[in-house]
Each structure stands twice: as structure tokens, then as C-alpha cells.
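Please read the following explanation alongside the sequence and the coordinates.

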Amino acid sequence: MPIPPSPGRARATGVRPAPDSVARRTLAALERLGGALGTALLALLLLVGVAAVAAASLAGVGLLLVPATLRAVRALADRERARLGRWGAELPSPGPVPDGLRTALTDRTVLRDVGWLAAHATAGFAVSLLGICLPIYAVRDVTYPLWRSLLPADLADDRPWWWAVDTGAGQLAVALLGLGWAALTVGLAPVLARALDAAARRLLAPPPGADLSLRVAQLTTSRAAALDAHVAELRRIERSLHDGAQNRLVAVTVLLGAARRSLVRDPAAGEELLARAQDAAELALAELRGVVRGILPPVLADRGLAEALDGLAAGCPVPCSVAVHLPVRCPASVEATAYFVVAEALTNVARHSGARNAAVDVRREGARLRVRISDDGRGGADERSGSGLAGIRSRVEAHDGTLQVTSPAGGPTVVEAELPCGS
Amino acid sequence: MRIVIAEDDALLREGLALLLRAESLDVVATASNPAEFLAAVDETRPDVAIVDVRMPPTHTDEGIVAAVEARRRHPGLAVLVLSTYVEQAFATELLADGAHALGYLLKERVGRVEQFLEALHRVADGGSAIDPDVVAQLFARSRPDPGLDRLSAREREVLALMAEGLGNTAIAGRLFVTEGAVHKHIRSIFAKLDLPPTDITDRRVSAVLRYLDAVPGR
């Protein structure tokens, strides 16, 4: 549902906001460098393994290990793709390594993965290590005057620096050097993180002209589902407007017309008709309110998802706890979908589950919003029995998300939705 | 006048019945879906049926289908169709067998009680009542007709009111002119459309049909 942009809503739309302070930018860069260092360490270990298998293959026996090794490389590369996807545009995985030794060894994506492994285990390792060491040096040196006196004498005189540090001035110089490291961290960490990301993205992206048919098929399906859901949504709105408010208003005009005719003949009857007309007008208003709420709950736009969900939980007859972890807001359409998932699930809890407690948990994990509603009721929820879950599923899938309902007889029931937040 | 009302919205159905009964008209039955409606028509043999276009189960054109079926079972049954929207497709479907004893009005016209009652009586007496919005849409979509193009603006107005189903007196009232002036316009319309002076009623119908025929797809 397109929402007309308005200044007040700007914060609710779109993409992860640019970090707005130097500290946040630096911390974000360090987090990325830390992640890169982690996969670089794994890459280093795996590279040794690859080298060993390659050497053994020259003797023939290593060939048996090649498929497993290539699968391990692909797994690590996919892990790195997922990690990079959390910080920017999604990187699609090429899928499983092709069967057959010859096919696998000549597959372009496999060769690119191995190339990435070599680069990431060496240059990537060095760069990310440098990036992580900078702030460590900064902390070590800035605080040097504080902890030097705690060192044993022989260590304290051991000099990692190029000047004597047994004087106050020398120690101050170390602290100033620490400030220098800190400045370098602030200046360099984002650059290093960006460079690492760019290099890794270049190597891990699908090769130019690669067969993207799988991804295209995925996108086509989700796009078709989005259009279907959109049409279904429009039809639902049209129906509720037509059958509700519009008919009420026609009734208002009919009753008003009748009242006008009666005023002369029979004022008492006219009065009664006017009262009915007013009732009909009030009904129309109530129904319009319901329709508007169903399009985008106003509380969501005004207060955000957390408060909107608190409101839903408060209105649920079953005691319901709500936990929301959202460091940044998601696009409005995603929040609205999450809201309707919770609303529908809680309606089912109240109507069918017989539960004594329910819990709502919403958290953002990387570029995905996870919504989980659980209850301790009798279970047995069936999507096909018109419980409204099917509508929710199409709404979720329209956003390229997934919905899982587990509800064994005897309970408990867990409804879980995962929605991509865009990035 | 005996009337059957088919309308799925309870409030509107009751409102309509209330309005008509206050006018001393005899509402013999009300129905909320096509099956009930057809049964009520079979049973009560009304003079007029007032039918909502959108009714259960699919809320699309059940009312039109039911109205056509009722007229098939009871030839000559007067039907006044009420609709929330102007749907040209519905209008042409209804008018396929001519516009005798047939009305197609927007729902909110009911609120203008005098005009609504006038239309209801006209339909009950075998005339027609086509909503001005429907007529305007038909005009807007009509394909070029040299005869129609020769008409003056005033003559087009008169023709549109004829298409709505109004008689000369009513047309004169709507346009704030004398009946004599309306006669003059109509004679001029007949002349410009090359309708020979044989039978006045036939020419009147021919003119309207000519105008309705100018609608593509009919």
C-alpha cells in the first residue's frame, strides 16, 4: 500500500539511517572489521586445508577430499555473503556446489569463491587485523600512565617505544601517542571497513553474465505474490467501503429524504426518521474508522511499532507480554505487516486457543525483522480453516518474508514471521 | 402499487421500505439475496421490483442477473435497479431488450424522494428511468454520429432527458421552458435525425435508440 510521503513519517521509511555521529560511525566500522576478522581467521584455517588437499591431490589421494573442501569454501563464502548482506545490498548465494569433480572445478562461482578465500585469508586478514589493532593500541597507550606503575620493574623498563618512558614527560608522550592512535582509528576504520567490503563484494557477487535465473524466478514469484496481495488488499478495502460506509451513507440520504417528506405531514415520524439517519451516519463513521485502521493503524504511524503492539496486547483478553528490540525503525509497510501478524495471531489466541498466557517478541536481526507470537493454549490451529492466518501469510509473503505456524494438538502454538527490512 | 425490494444491506432495505410505506405504497415483500427475491416475486406478483445490483454471494452483478431472470419469468414486470456506481456494462446489459418498464438509478437518488417516486411511477407505468449520470456516460462514450452531431446543445439536453425516460411535461419542467418549446425541440431533433413523421411514439423511441446505439459495443 503506497503511503504518501510526509515529513513526519520520514523517519519511519526506508533504509538503515546513516550513522549520525563520529562515534557511531566508528563503532559501526569496528563492528564490520571485527566480523571480517572473524571470517578471515576461518578463511586462513580453510586456506591451509585447501593447500593441503591440493598438494595431496597431486599425489592422487587428495582428490577424494576435493568435493568436501569445495563445499566448505562455499559455506564460508555464503556466511560472508550473509554478513555483507546485513550491511548493504543483499548478495545472493550461487546455491550448492555442482556435483561432479570436473564440473565443480570449472564452475566460475566456485573458482571465484576460492579466489575470495585466498584474498580474504591474506590481505583481508591483514587489513581487518590492522583495523582492530588500532583502537586496542589507542586504549593501551592512552591509559599507559595509569597502569605502568603496576608492571614489574624489568617489564616497565622494556621499551616498546622509541623514547625513555621512566619520566613523566615520556609517559605523557605515550598517552599522546594513544590519542594519535585514536585519531587514526576514527579516520581509518571506516575507510578500511569500506575497502574490505568493496573488495569482498566484488569477489562474492555473481560473476557478470552469470545465470541469475534462480534469483529472477524467486523475485518474479515474490513480485507476483506482492501484486496479488496488493490486488486482494484493494478488493478488501473496496468491499469494506462499499458494504460499510457507502451503504450507510446512502441509508442516511434515504432517511433524510423520508424525514423531509414527513416533516409537514407528521413531525413526530420525521423526528424519528432524523434520529435513525443520525444513527446511520454514526455507523458510517465507525465503519470508516475501521477501514482506515485496517489500511495503516494511525497509532503505528504516530507512536511506532512498540507502542502499537503494547496497545494490541492490552486489548487482548489473554494476559500477554510484549518484548520489542528495535534499534532502528523498519519501513512503514514492514511495521504494518508485523502489526497485522500480531493482531491476527492475538485474535486467534483470544478466540480459539484457551491459553492463559501469550507472549509477543519482535526483534530486528540484521536486515530482518523477526516476529514471534506464542501461547500456552490447546494448539491445533489450522491455516485452512479460515482463521485469518492464510491472509496473514499472503501479506507476509508479499513482503518477501516467511511465516511459520507450529500448533500441535495440545499446544503450544507458535506463529513466527520473518520480514526483510530492506537495506 | 405493489412493490418487492431486494437489497442485502439491512439498514438500507428497512429505510427504503419505511420511505415507500410512508408514501402509502404497498411494500409486499423484502429480500436480502437473489434467491429470496425470485421466490418473493413468484409468490407476490408485484407491479414493481426494486433491486440492488450488488448482492450475495459474490457482490458483483447478482442483482442484474436476478432482475433479468425475474423479467424472463414474468414478462412485463417493472424493474427499478439501484446501484452505487454507474456501470455502463450493467446499463447496456439491462437495456439489451429495450427500456420498457425499466429503471437504472444511482442509490443516492432515492434521497430526492419526489424525483425518485416520479421515476418509480414512470417505470411501473411501462416507461423508463435512466440515471442522468448513466445518460451522461453514454453520451460521453458515443461514437461520432453525423445526425447527433447536428443537434444543438439544447436539443442534446432534451434528447438526454428523453433517454432518462421523461415525458414532454417533465422535460419542460426540468429545463424551465414551456411544453410548446419542448415540442419544437423534439420536432427539430426528429428532422435532424431524419426520422420520418409516421408515428410520434415510435419516432421518440427511435431517437433514443439512435442515441443509445451510438454507444460502442451495443
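Strand E1 (residues 2–6) and strand E3 (residues 48–52) of chain B pair in the parallel sense over four bridges; strands are DSSP runs of E with at least two residues, helices are runs of H or I with at least four, and both are numbered from the N terminus. Two strands count as paired if DSSP finds at least two bridges between them. Within this pair, Ile3(B) has Val48(B) of E3(B) as its bridge partner. This is a predicted model, in which local features need pLDDT of at least 70 and side-chain atom pairs count only at pLDDT 80 or more, while totals for chains, interfaces and linings use all residues. Residues are numbered from 1 along each chain as its sequence is written, and chains are lettered from A and ligands numbered from 1 in the order in which they are written.

The two strands belong to an open sheet of six strands in chain B, ordered E2-E1-E3-E4-E5-E6 with parallel pairing. Its edges are strand E2 (26–31) and strand E6 (128–130) of chain B, each of which pairs on one side only. Direction ignored, neighbouring strands of this sheet are turned by 20° against each other on average. Helix H1 (residues 10–22) of chain B lies across E1, E2 and E3 of chain B and runs at about 175° to E2(B). Such angles run from 0 to 180 degrees between N-to-C directions of axes, which are lines fitted to C-alpha atoms, for helices over the stretch in contact.

Chain B as a whole has 11 helices and six strands. Of its 218 residues, 41% are buried, a residue being buried if 20 or more other C-beta atoms, placed from the backbone, lie within 10 Å of its own, exposed if 12 or fewer do, and partly exposed in between. Helix H8 (residues 153–164) of chain B has 12 residues and reaches 17 Å from its first C-alpha to its last, close to the 16 Å expected; the expected span is 1.5 Å times one less than the number of residues. Its buried residues include Val158(B), Leu159(B) and Met162(B). After H8(B) comes Gly165(B), with a positive phi near 105°.

In chain A, helix H7 (residues 168–204) has 37 residues and should span 54 Å at 1.5 Å a residue, which agrees with the 51 Å between its end C-alpha atoms. H7(A) has a kink of about 40° at Leu188(A), shortly before the proline Pro190(A); the bend at a residue is the angle between axes fitted to the seven residues ending there and the seven starting there. Among the buried residues of H7(A) are Trp181(A), Pro190(A) and Leu196(A). The buried residues of H7(A) pack against helix H1 (22–58), helix H2 (66–86) and helix H4 (108–142) of chain A.

Where do the two chains meet? The contact takes 17 residues from chain A and 16 residues from chain B, two residues being in contact if their C-beta atoms, placed from the backbone, lie within 7 Å. On the side of chain A that touches chain B, helix H8 (213–265) and helix H9 (267–295) of chain A are the elements that give two or more residues. The largest share of that side, 15 residues, comes from H8(A).

Ala280(A) is placed in helix H9 of chain A. Ala280(A) is buried because 23 other C-beta atoms lie within 10 Å. Leaving aside neighbours within four places in sequence, the contacts of Ala280(A) include Leu255(A) and Leu11(B).
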